[in-house]
Amino acid sequence: STSTSTTTTIVTTAGVTASVCSGCGLGCLDCSSRSLASVPGDVPTSTTQLYLISNRLTTLAQGSLASLSALTHLFLQSNGLATISAGAFSGLTSLIYLDLGTNSLPSVLTNATAFALMFDPLQATLQQLWLANNQITSIAAGTLSILTALVFLNLNINPIPAMGIAGGAFAGLNALSSLYVNGITATSSCIPLEWPLSELPATAVVFYSPSCCTASAPVSTVQRCDPATTIAVSTSATTRATTTTSTTRTSTSTTSTSTSTS
C-alpha cells in the first residue's frame, strides 16, 4: 500500500497572487484557509466581497488593500491578527462591513489617536464593525467617534470590565442602533451597565447575553435583552460570514425584483 501525507505550506511571500483563491459569486473572492501571511497582491479591483478567514495574517500592512475601492465587505476573522498598520485600510472608500473577530487585538480600542490612524479611511462609510473575541480590556474616550456612519458594533466575548469603559467611549456614534456586549466581563452578572448611556442615540439598543433574558433583565429605551435577535455566540465565523453575505444578496435581489415590477 502507498501512504500519502499532507503538508501545509505557509505562504509568506509578499508577492503571493490571487490564483490561490477561488470565486464565490459575482465580485466575490474567497481566500480563506490558504495559510496566507499577506494579502494577495493582485486581487481584482472589481472585488466587492473578500474573504480572508482562517489564514496567518498576523499583521495587516499599510496599503495592502489600497487598490480595492469597490470593496464593500471584508472578512478577516480567525487570523491571529495582532497589528493593524496606519493606512492599512487606505483606499477602501466603499467598505461598509468589516469583521475582525477572533483575532489578537487587545489594544485596538485603548488609544484614540492610534485608532484614528488605522480607521480614518473608513470613517464615512463603515456601518458594521465586528470586534468579538479579541481579548479587549478597555475602551478609551473618543476612540470610536470617527466612525460616524457606524450602525452596528459587536464587542461580544471580550474581558472588558465596567471600569474599563471610559466616559466618552461611545460619544459621536450618532448613527449607532445596535451594540452587542454578550459575554463581556461588565455584563456577566446581568446588571445594567454603569455606562454614560446618554452618549448613545436615543434609539440605540444594547444587547446582553441570552442567559440574562428573564423577567428581571434590564429593559429600557437603550438597553434590551432580546433572545429573538441576540446573535448566538456559538455560530462559527465562517457560517456567520456566509449568512451575512447571503442576507445581503437576498436583500439586493429583492430590491431589484421590486424595482423591476413597479
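I count a residue as buried when its relative accessible area is under 20% and as exposed when that area is over 50%. The model I am looking at is predicted.

**Entry 1: Trp-130 and Tyr-97**

I looked up Trp-130 and found 4% relative accessibility, which is under 20%, so Trp-130 counts as buried. I then looked up Tyr-97, which is buried too, with a relative accessible area of 1%.

I ran a search for aromatic pairs over the whole structure, and it returned seven. One of them joins Tyr-97 and Trp-130: the ring centres are 6.2 Å apart and the planes stand at 45°, so I noted the pair as tilted. Tyr-97 belongs to strand E7 and Trp-130 to strand E8, so this pair ties together parts of the chain that are 33 residues apart in sequence.

I also checked which cluster holds these rings. Tyr-97 and Trp-130 form one aromatic cluster with Tyr-51, Phe-75, Phe-152 and Tyr-180.

**Entry 2: helix H1**

I went on to helix H1, which covers residues 112–119. Which of its residues are buried? I found Phe-115, Met-118 and Phe-119. They cover an arc of only 80° around the axis, which puts them on the same side of H1. On the face turned away from that buried side I found the exposed residues Thr-113 and Leu-117.

What do the buried residues of H1 pack against? I listed E6, strand E7 (97–99) and strand E8 (128–130). Strand E7 is the one that holds Tyr-97, and strand E8 holds Trp-130.

At the N-terminal end of H1 I found a cap, Asn-111. A side-chain oxygen of Asn-111 lies 3.0 Å from the backbone nitrogen of Thr-113.

**Entry 3: two loop residues**

Is Asn-79 buried or exposed? I read 5% relative accessibility, so Asn-79 counts as buried. I placed Asn-79 in the loop between strand E5 (73–75) and strand E6 (83–84). Its side chain reaches the backbone nitrogen of Arg-56 at 3.4 Å. Leaving out residues up to four places away in sequence, I found that Asn-79 touches Leu-52, Ile-53, Ser-54, Asn-55, Arg-56, Leu-57 and Thr-58, and also Thr-102 and Asn-103.

I took Thr-203 next. Thr-203 sits in the loop between strand E10 (178–180) and strand E11 (205–207).

**Entry 4: the whole chain**

The protein chain has two helices and twelve strands. From the N terminus on, I read the order of elements as β-β-β-β-β-β-β-α-β-β-β-β-β-α. Of the 262 residues, 44% count as buried.

I looked up the contacts with a separation of 6 or more, and 61% of them come from residues 24 or more positions apart. The chain exposes about 11700 Å², and I noted that carbon and sulfur atoms supply 56% of that area.

Key. Residues are numbered from 1 along each chain as its sequence is written. This is a predicted model: local features need pLDDT of at least 70, side-chain atom pairs count only at pLDDT 80 or more; totals for chains, interfaces and linings use all residues. Side-chain values use heavy atoms; hydrogens and water are left out. Helices (H or I, at least four residues) and strands (E, at least two) are DSSP runs, numbered from the N terminus. Buried means under 20% relative accessible area, exposed over 50%, partly exposed in between (1.4 Å probe, protein chains only). A polar contact is a pair of N or O atoms within 3.5 Å; within protein, one must be able to donate a hydrogen and the other to accept it, and residues adjacent in sequence count only if both atoms are side-chain atoms. Contact means heavy atoms within 4.5 Å. The arc is that of the directions from the helix axis to the C-beta atoms. Rings of Phe, Tyr and Trp (its six-membered ring) pair if their centres lie within 6.5 Å; planes under 30 degrees apart count as stacked, over 60 as edge-to-face and the rest as tilted. Accessible areas come from the Shrake-Rupley method with a 1.4 Å probe; for residues, only the protein chains shown count as cover.
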